[in-house]
Amino acid sequence: MIYLDNAATSFPKPPEVLKAVAEALAAPASPGRSGHAPALAASRIIHKARKNLARLLGAPDNSRLVFTPNVTWSLNIVLNGFGLKPGDHVISGSLEHNSTARPLSRFQREGQVNWEVVPPGPDGLLKPEDFKARLNPKTRLVVLNHASNVTGSLAPAKAIKEAIGDIPLLLDAAQTAGSMPMDDYCQWADFIAFTGHKGLLGPTGTGGLWIREGLDLRPLSVGGSGSRSESLVHPDFLPDALEPGTANTHGLAGLAAGVGFLLDVGLDKVRDHEMELTQWFLERIIDIPGLKIIGPGPGVKERVACVSVVLDGWSSSDLAAALESGYGIMVRSGLHCAPLTHQFMNTMPGGASRFSIGYFNTLDDVKTAAWALSELAAKKPSRA
Amino acid sequence: MDQDGEIILVFSSNTRILNAEDLLEEKNLPFTLVPVPKEVNPNCGLALCFMESSQDRIMPVLKAAELMPSAAYRRLGPEFSTWAFE
């Protein structure tokens, strides 16, 4: 199998991740709920994950890094807990995933906020000045998908934050955390939402959110926290305020190991490897007759390692099925939960076929994928 | 470690006490983590415990790292009293 669906979930996981998950699952006790040795061991697992993530993001205070089940949950904690009021103005990029587009669309439909989308420039990339131009006195929040899970475009997040000044920036780092150096991001971002199962090499069911000091969020849910147990009022301090209920200890054990692996390898090395393969792939497929790359082509550095294509005569699903059945290549077809992006890229409703490269992919993997696309471009789908 | 002259620090969150543990271990200072004594505090988790004679080495380290406890107690045999700290 050649796995090129790392933008959905990374595969394989490092052996350290599998080991950490198994060991944590075999151990007794809940973190933070008792004082005995197994409970302390469970607490230390969560703490290790928190410390590793804080190091990865350059967070000065690891207590402001909270764990969630996934990035959608993290983003919803901010969007629903930030205290947006009717009449408030929220700006987002145009390459948003449904994890932010659906909550914002719901707010808009229910009259809660005025949501404005910044379109990409002619080159498909977002421009900081286009965000600044849309600010008004009612703007409360800017939401930005750091990198598109369709086009692979990387948004100029720091420049956008500089352009919007004091307006808080919610960064959706689903496609970037673990795939590029981000150890200065807590110096300028306001909220960073991430998931554990993609670039961070952890298990599904893990994610998190970093929150700048001074920004408060009303929890989506409240309950047991292991702290202030005498009170019916949920704690207001982090991380407890946003981590109700027993944590996913074995999942976070795996996440701690995944992030530890990345820190040992070095994020520069991860980024260089993924970009080398991506650029190689783009250069080989750009001249395939009938093939269109959806997003930045070869040579553009402001991107991540996912490449979506449309091939004449093929639906995105037929192409993905042919890649799997004929070549053992796993890609994702369709709209990738990002209809806004496909609208802007004129690939609605059929979507595209997405090749997403991870740290464990090799040059042979992308060579085979490029060769397979060349062969399929010369054919028609068997059921066409 | 049920001895006289123990100081027991309770922190607002598990994360804070584990950060305190990291810090004190790094500096090789003497302490243990114990269940929060239910005689004085209803929290579910852990407390940081050290001998009173170590307070001058431990408390400044915690203060410098802004890791001060939410409550502190002195234990003398079975008796607990509130411990004032700065």
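1. Polar contacts across the interface: the rule picks out 8 residue pairs between chain A and chain B, both residues at pLDDT 80 or more. Here a polar contact is a pair of N or O atoms within 3.5 Å; within protein, one must be able to donate a hydrogen and the other to accept it, and residues adjacent in sequence count only if both atoms are side-chain atoms. On the side of chain A that touches chain B, the residues split into 4 nonpolar, 10 polar and 7 charged (Ala, Val, Leu, Ile, Met, Phe, Trp, Tyr, Cys and Pro count as nonpolar, Asp, Glu, Lys and Arg as charged, and the others, Gly among them, as polar).

2. A word on ground rules. This is a predicted model, so local features need pLDDT of at least 70 and side-chain atom pairs count only at pLDDT 80 or more, while totals for chains, interfaces and linings use all residues. Side-chain values use heavy atoms, with hydrogens and water left out; residues are numbered from 1 along each chain as its sequence is written, and chains are lettered from A in the order in which they are written.

3. Salt bridges: the interface of chain A and chain B has 2 by the rule (a side-chain nitrogen of Lys or Arg within 4 Å of a carboxyl oxygen of Asp or Glu). Have a look at B:Asp22 and A:Lys51, whose side chains form a salt bridge at 3.0 Å, N to O.

4. Extent of the interface: 21 residues of chain A and 15 residues of chain B are in contact, meaning heavy atoms within 4.5 Å. The two chains bury about 1,400 Å² between them, with 54% of that on carbon and sulfur atoms (accessible area, 1.4 Å probe, that two parts lose on being put together, summed over both). In chain A, the most area is lost to chain B by A:Gly35, A:Leu40 and A:His47, together 28% of what that side buries.

5. The largest pocket holds about 600 Å³ of space. Its lining runs to 42 residues, with A:Arg33, A:Arg50, A:Glu243, A:Gly245 and A:Ala247 nearest the centre. A pocket, on a 1 Å grid over the protein atoms alone, is an open set of points where a 1.4 Å probe fits, with protein on both sides within 12 Å along at least five of seven lines; lining residues have an atom within 4 Å of a point. Volume is the space filled by probe spheres set on the points, which are joined across faces, edges and corners. By class, the lining has 19 nonpolar, 19 polar and 4 charged residues.
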